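Work through the two exercises below with the coordinates open. Each task is followed by its solution.

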Protein chains: 2
Amino acid sequence: MNLKELASRLGLSPTTVSRALNGYPEVNETTRERVMAAAKRHNYHPNTRAIRLATGRAMAVGHVIPIASRHEIVNPVFADFIAGAGETYSRNDYDMLLSVVSDDQEEDTYRNLKSKGNVDGVIVHAPRLDDQRIRLLFDIGLPFVVHGRSSGSTLPYSWLDVNNRRAFSRATEFLLDLGHSRIALVNGLEFMDFAIRRRGGFSDALQQRGLAPDPDLMASEEMTEVAGYRAARRMLALLVPPTAFLVSSMISGMGVRRAIEERGLAMGRDVSVIIHDDDLSYLKNGEDVPIFTATRSSVREAGRQAAEMLLHMIVSPREGPQQRLLEAELIIGQSTAPVRRL
Amino acid sequence: MNLKELASRLGLSPTTVSRALNGYPEVNETTRERVMAAAKRHNYHPNTRAIRLATGRAMAVGHVIPIASRHEIVNPVFADFIAGAGETYSRNDYDMLLSVVSDDQEEDTYRNLKSKGNVDGVIVHAPRLDDQRIRLLFDIGLPFVVHGRSSGSTLPYSWLDVNNRRAFSRATEFLLDLGHSRIALVNGLEFMDFAIRRRGGFSDALQQRGLAPDPDLMASEEMTEVAGYRAARRMLALLVPPTAFLVSSMISGMGVRRAIEERGLAMGRDVSVIIHDDDLSYLKNGEDVPIFTATRSSVREAGRQAAEMLLHMIVSPREGPQQRLLEAELIIGQSTAPVRRL
DNA sequence: TGTTGCATCCAAAGCGGTTTGAAATCGATT
DNA sequence: AATCGATTTCAAACCGCTTTGGATGCAACA
């Protein structure tokens, strides 16, 4: 069942039927109802491929998921971010197209997406310092929203980010207020923009109180359980070990906890830990009482909002770039306590 | 730059250019080379939308990700499965379309995917007992491959699954061989097919040795850290607590470990734990020495293979359904030891 | 009565490819 | 020289929709 057939059954032209279904004004209300009814009765669904060719719009947005070629790691926040974005897309009848590519093919992927015309815009994931993709997307003229920011980029682009700097400076201050002065940072890889900002917030807060960040107490690694464990183990073995940890993710935090307990210490008593909690649906930070004290910001909500921004840009392209900065909450859990001299 | 323009620049008809580019035999080799060269020189990429309309193929496959409407949980294995499938798709120039829908809209989603014609096939995720989607997809004639199986389905459909039953019976036997007899099962939700099979393997192995599964030692919940923790805590508080746990996922396993340690016990000494490890990239089970003893099967590899099966079905539809059963390895880690009377 | 304007409807030309059926070219064969 | 078959090329139809640029009918107006 297609437009032409439906039209002939109704004794109307395809033009009129198309207009009736798409809500154009130049069609009699009674005929519109007839058409609507017939469409429903015959279970007519317009062929997406035809619509796309005719309108020139793809009605789809792309997410290019980079796989770090060295580590082959899929960032676990993608699942939730995409779930959030997906909600927005389906509400607006857009498709979501996923390209999983190793990071050295990313540029080609964007180029292809544009020239083959299968998306109207893209979300840029995991921005790095002075990220080249921003310039590229500008040049090829594909609308985009960055999840995160890219320090060093001078072009005015659209982004949605969590205030990582503020989140980590608040968390640091909180630990300082508890009397901790040997605070360790178990950060993500510091070519990632968010990791740089987090370190900035951490260092700032220390310096504000006249403390210098100790390089021995700073790690920058993949955010996995094992990496968190190793970093914490190394630091706890120092002559003057840290009494508190600031950790970039729930998963690393679990590794840190393992290292702490392995030394016979107890998290939340002997050693304090604050993590950043992306509020992943499958990794809830406890139920009523949070396990970890945490800076929390829902990555799923970020996905919803980033997708909305992108759709808006696609529909009204002349409105210029938008930015949105989300604040993280500081959630007090069971993993922090006043410093305790060992 | 489009076909027509490229053709006129070459002084050829669109027909010939199209054929030259698509490798049809009825075109002179020298002209083909001319065409190829010109296409490259002018950076010509055929418009996907036009190809799709003309050929009637979508060159895309859909993944419908159900969100359990009660719990709003995105299954964490999706990220890796999709990464694997994505590799296959990009190698074959297929797009991957993701629909994230709450599970009560799933049926409509499949229907739309078919009638609007934006995919050539789908992967069915997270099959349940006697899953209705199998019948539906048969009825609407959309090629599909199930990741997992659906006990009770009588139709011959294509699937790729891990031998969950065998994996869990082997793990149980391993614990029995270590002298454990109070073995607990912390399972996933048991309307999921894989969870049913795992319980089957577990019970079988016990009964084989003349032991009856104790209902108090069996939990069936969402596979989250907190759920694992709660289940284990409850069981450890029993009059006769378990000396070993069989746990359905790495994440639940972390919760189980937390419960164990909270009671002042040590995992791998006082209490043994075996988990199922999907070999997720961001949740590696240790490095050289695995943390957990585990039944392991890479969900990413499953994604790669399932995608290959689906593409094969799309290209050669008359070949009938295929099945593939992957075996899990049993990895010995630090979380198991001979039983120790408490 | 002849215009004018509005409300409706339609034919046809796109969108950018693929594919069918036929034509042109050319060497080989009778 | 005429015929044939194989090779190579092309014009035009087609995929299923949108959209432009009229048509048509009818009431209102001068």
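**Exercise 1.** Determine which residues of helix H4 (residues 48–55) of chain A are buried, and where they lie around the helix axis.

*Solution.* The model is predicted.
Step 1. Buried means under 20% relative accessible area; in H4 of chain A, the residues A:Thr48, A:Arg49 and A:Arg52 are buried.
Step 2. Viewed down the axis of H4(A), the buried residues fall within an arc of 100 degrees, so they line one face of the helix.
Step 3. The packing partners of these buried residues are strand E2 (95–102) of chain A together with helix H4 (48–55) of chain B.
Step 4. Now inspect the ends. At the start of H4(A), the backbone nitrogen of A:Arg49 has a side-chain oxygen of A:Asn47 within 2.7 Å. Just after the helix, A:Gly56 has a positive phi of about 80 degrees.

**Exercise 2.** Describe the contact between chain A and chain B by residues, area and polar pairs.

*Solution.* 
Step 1. Chain A and chain B each give 50 residues to the contact.
Step 2. About 4,500 Å² is buried between the chains, with 57% of that area from carbon and sulfur atoms. On the chain B side, B:Arg49, B:Lys116 and B:Tyr282 lose the most area to chain A, together 16% of what that side buries.
Step 3. Between the chains there are four salt bridges. A:Arg257 and B:Glu225 form a salt bridge through their side chains, at 3.5 Å from N to O.
Step 4. The largest share of the chain B side, six residues, comes from H5(B). The residues of that side divide into 21 nonpolar, 13 polar and 16 charged.

Methods
Residues are numbered from 1 along each chain as its sequence is written. Chains are lettered from A and ligands numbered from 1 in the order in which they are written. This is a predicted model: local features need pLDDT of at least 70, side-chain atom pairs count only at pLDDT 80 or more; totals for chains, interfaces and linings use all residues. Side-chain values use heavy atoms; hydrogens and water are left out. Buried means under 20% relative accessible area, exposed over 50%, partly exposed in between (1.4 Å probe, protein chains only). Helices (H or I, at least four residues) and strands (E, at least two) are DSSP runs, numbered from the N terminus. The arc is that of the directions from the helix axis to the C-beta atoms. Contact means heavy atoms within 4.5 Å. A polar contact is a pair of N or O atoms within 3.5 Å; within protein, one must be able to donate a hydrogen and the other to accept it, and residues adjacent in sequence count only if both atoms are side-chain atoms. Buried area is the accessible area (1.4 Å probe) that two parts lose on being put together, summed over both. Ala, Val, Leu, Ile, Met, Phe, Trp, Tyr, Cys and Pro count as nonpolar, Asp, Glu, Lys and Arg as charged, and the others, Gly among them, as polar.
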